[in-house]
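Here are my notes on this model for you to read beside the viewer. Please keep the structure open and find each residue as it comes up.

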Amino acid sequence: MITKSDIIGAAYEHGFDDVGFTTADPFPDHKQLLLDRREEYEWAEAVGLDLLTGTDPTTILPNAKTIIVLMEVYFRKSYPRSIEGHFGRCYLDDDRMTRDGLSKRIKAFRSFLRDNGIDSKVPFNLPHRVAAARAGMGTFGKNCLFYSNKVARGGSWTLPIAFVIDETFEPGVPTMEMGCPDWCKNTCIAACPTRALKGNGRIDPRKCISYLTYFGKGITPLELREPMGMFVYGCDRCQNVCPRNQPWLAKDLPMNDKVVAKEGNFALSRLLHMDREYFETKIWPHMFYMSYQDIWRWKMNVARVMGNSRDEKYITDLVRAFEGNPDERVRGMTVWAISNIGGPEARTALKGLIDETSDLVKEEIRRAKEFC
Ligand code: SF4
Ligand code: SF4
């Protein structure tokens with residue numbers, strides 16, 4: 001029978017940054033939180049996340065005894081500025097579809113457990129961050145994120161991965177607390193552009209830019225278009241402003257060559273004009289929360305970002321997207337974006353937008369002409 005230190009050694013050998021252990025007891029407080037905020041999390045049930053079931057590890061592995069938590073720092077290397085400003089960092093090197101990075105190491109670690117007579121499951125719906133805190137690996141921030149007490153210089157750029165196993169190992173001492181310093185005057189809450197953070201570690205996920213960029217319904221409401229800023233997919237703002245993250249942000253990190261290689265594919269102009277084949281071969285394998293049916297939302301987000309850039313170089317792209325795109329949500333946003341960029345070129349472009357049948361787009365054009 002292998003020992004705890006054998007497992008710890010194997011985790012480091014497989015490239016993980018920290019290891020913790022907790023029991024496979026249920027997470028009753030987390031279950032209650034999900035029940036109390038059912039309305040805020042019903043979207044998660046709707047997309048099949050089944051978070052409630054994940055609060056009892058025995059529903060995942062009937063003979064569950066222990067949860068091993070392996071910590072992955074997803075921001076080990078830096079990303080090109082052109083991509084980092086528009087996409088949440090945790091999505092930039094996400095291999096859940098391509099299975100050419102972290103997935104291989106998870107698989108290899110499970111093989112190590114299996115070779116030593118231990119059965120394991122890696123459930124997506126178990127509360128990973130809560131498991132990591134119960135294993136004593138870090139604390140929470142008021143932005144609802146998990147902060148390591150050991151890696152990423154104490155920052156939140158971590159992905160705890162929970163392995164439910166059928167053997168008993170001594171658990172760590174829980175650190176289920178808020179670890180924010182008293183002197184931080186809720187910087188994250190003040191900085192959240194859409195008021196998703198409610199204080200004391202509470203979030204309304206439906207108001208978070210991350211949620212809005214991949215699950216938002218209809219054309220983005222006018223009052224959210226500027227606050228959602230330059231993010232196309234995801235949002236890192238409450239992490240970027242957090243003092244607990246500054247030590248890692250100040251570190252000189254090597255460039256992530258894998259992300260550099262796909263940087264061109266994620267250029268805003270290419271995303272705005274992409275067709276199905278481009279989307280499914282170059283984009284979806286890396287950012288997959290939206291299927292081809294939702295490509296309109298990708299394009300709408302890109303148009304909004306172009307508008308918020310105030311960069312006249314995008315006007316030609318926006319006009320082309322207006323003329324060539326059948327979706328009124330995309331066309332409506334291109335109109336808003338042109339008017340938000342403003343200036344003589346934008347006014348000329350807006351004058352040329354005619355022959356519109358959609359009421360939604362007609363209204364966007366009317367408003368744009370009024371304000372531009
Ligand atoms: S990710 Fe962005 S929108 Fe979401 S809570 Fe943080 S700052 Fe607010
Ligand atoms: S910004 Fe301040 S309050 Fe928010 S998570 Fe960081 S330390 Fe905590």
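1. **Lining of the largest cavity.** Sorted by class, this lining has 7 nonpolar, 4 polar and 2 charged residues. Keep in mind that the model is predicted. The space inside the largest cavity comes to about 100 Å³. It has 13 lining residues, and the closest to the centre are Lys 142, Cys 180, Cys 184, Cys 188 and Cys 242. Find these five residues before you read on.

2. **What sits there.** Which ligand sits in the largest cavity? Ligand 2 does. There are 13 residues around ligand 2, and Lys 142, Cys 180, Cys 184, Cys 188 and Cys 242 come nearest. The shell of ligand 2 holds 7 nonpolar, 4 polar and 2 charged residues.

3. How many cavities of 30 Å³ or more does the structure hold? The count is 2. Which helix gives the most to it? Helix α3, residues 38-46, does, with 4 residues.

4. Is Ala 44 buried or exposed? Ala 44 has a relative accessible area of 0%, so it is buried. The cut-off for buried is under 20%. Ala 44 and Ala 267 are 223 residues apart along the chain, and their C-alpha atoms are separated by 30 Å.

5. **The second largest pocket.** Of its 18 lining residues, Met 274, Lys 299, Gly 324, Asn 325 and Pro 326 lie nearest the centre. Which elements give two or more residues to this lining? They are α13 (268-273), α15 (295-309), α16 (315-324) and α17 (328-341). By class, the lining has 8 nonpolar, 4 polar and 6 charged residues.

6. **Two residues with positive phi.** Most residues other than glycine have a negative phi. Asn 186 is not a glycine, yet its phi is positive, at about 55°. Asn 186 is in the loop between β6 (158-165) and α7 (187-191). Its relative accessibility is 31%, so Asn 186 counts as partly exposed. Arg 310 also has a positive phi of about 55° and is not a glycine. Where does Arg 310 lie? Arg 310 is in the loop between α15 and α16. Its relative accessible area is 48%, so Arg 310 is partly exposed. The exposed class starts over 50%.

7. **A proline in a loop.** Pro 243 has its place in the loop between α10 (237-240) and α11 (246-249). Pro 243 has 22% relative accessibility and therefore counts as partly exposed. Pro 243 and Phe 288 are 45 residues apart along the chain, and 31 Å separates their C-alpha atoms.

8. **The whole chain.** Finish by zooming out. The protein chain has 19 helices and 8 strands. Buried residues make up 53% of its 372 residues. The C-alpha trace spans about 75 × 40 × 40 Å along its principal axes. Why does the radius of gyration agree with that of a compact globule? A compact globule of 372 residues would have a value near 21 Å, and the protein chain has 23 Å, so the two agree.

Terms used: Residues numbered from 1 in each chain as written. Chains lettered and ligands numbered in written order. Predicted model: local features only at pLDDT ≥ 70, side-chain atom pairs only at ≥ 80, totals over all residues. Heavy atoms only, no water. Near = heavy atom within 4 Å. 1 Å grid on protein atoms, 1.4 Å probe; cavity = no way out; pocket = protein on both sides within 12 Å on 5 of 7 lines; lining within 4 Å. Sits in = over half its atoms within 2 Å of the grid points. Nonpolar A, V, L, I, M, F, W, Y, C, P; charged D, E, K, R; others polar. Points joined across faces, edges and corners; volume = space filled by probe spheres on them. Rg over C-alpha atoms; globule rule 2.2 N^0.38 Å. Buried < 20%, exposed > 50% of the residue type's maximum accessible area, 1.4 Å probe, protein only.
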